[in-house]
Amino acid sequence: MKNFEEQKRYERARERVEELKKFYNNLFSYTIVISFLAGLNYYQNEWHNAWFLWAAFGWGIGLAFHAVKAYRINPMFDKDWEERRIRKFMDEEDQEKQLWE
């Protein structure tokens, strides 16, 4: 039993590391590509028309959502929240059973 639980913990940790790794790769790509586009934009028209900001904004929104997922920033509906709600409903059901016994 202990070995099985340890394996599950390891798998969850490994999945979390994979999520973070994907986010960091996305962040690195964002930095490189947007920097290149900014340089290209400056070379073309010295930022009189800063079109690279559209790409930075669009990709930045996606990057922000990726960060929320990778760092599990949503405090209301995370796994702990689910577990707490399940336990609460189970406890309520147990209390109702005890009242009828």
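Modeller: Let us begin with Glu 19, which is partly exposed, with a relative accessible area of 24%. Please bear in mind that this is a predicted model.

Colleague: Which residue does Glu 19 meet in a salt bridge?

Modeller: Its partner is Arg 72; the side chains of Glu 19 and Arg 72 meet at 3.9 Å, N to O. Glu 19 lies in helix α1 and Arg 72 in the loop between α2 and α3, so the pair ties together parts that are 53 residues apart in sequence.

Colleague: And Arg 72 itself, is that buried, partly exposed or exposed?

Modeller: Arg 72 is partly exposed, because its relative accessible area is 46% and that class lies between the buried limit of under 20% and the exposed limit of over 50%.

Colleague: What about the backbone there: what is the phi of Arg 72?

Modeller: The phi of Arg 72 is positive, about 50 degrees, although the residue is not a glycine. Most residues other than glycine have a negative phi.

Colleague: Where else is there a positive phi in a residue other than glycine?

Modeller: Glu 46 is such a case, with phi near 50 degrees. Glu 46 sits in the loop between α1 and α2, the latter helix spanning 52-71. With a relative accessible area of 51%, Glu 46 is exposed, because the exposed class begins over 50%.

Colleague: Is Asn 41 buried or exposed?

Modeller: Asn 41 is buried, with a relative accessible area of 0%.

Colleague: Which backbone oxygen lies 3.0 Å from a polar atom of the Asn 41 side chain?

Modeller: That oxygen belongs to Asn 49.

Colleague: How far apart are Lys 21 and Glu 18 along helix α1?

Modeller: They are three residues apart, so about one helical turn separates Lys 21 from Glu 18. Lys 21 counts as partly exposed at 46% relative accessibility, and Glu 18 is partly exposed at 35%.

Colleague: Which residue forms a salt bridge with Glu 92?

Modeller: Lys 88 does, and the closest N and O atoms are 4.0 Å apart. Both Lys 88 and Glu 92 lie in helix α3, four residues apart, about one turn of the helix. Lys 88 has a relative accessible area of 39% and is partly exposed; Glu 92, at 33%, also counts as partly exposed.

Colleague: A last topic: where is Phe 28, and why does it count as exposed?

Modeller: Phe 28 is in helix α1, which covers residues 2-45. Phe 28 counts as exposed because its relative accessibility is 57%, and the class requires over 50%.

Colleague: How far is Phe 28 from Asp 91 in space and in sequence?

Modeller: From C-alpha to C-alpha, Phe 28 and Asp 91 are 46 Å apart in space, and 63 residues separate them in sequence.

Terms used. Residues are numbered from 1 along each chain as its sequence is written. This is a predicted model: local features need pLDDT of at least 70, side-chain atom pairs count only at pLDDT 80 or more; totals for chains, interfaces and linings use all residues. Side-chain values use heavy atoms; hydrogens and water are left out. Helices (H or I, at least four residues) and strands (E, at least two) are DSSP runs, numbered from the N terminus. Buried means under 20% relative accessible area, exposed over 50%, partly exposed in between (1.4 Å probe, protein chains only). A polar contact is a pair of N or O atoms within 3.5 Å; within protein, one must be able to donate a hydrogen and the other to accept it, and residues adjacent in sequence count only if both atoms are side-chain atoms.
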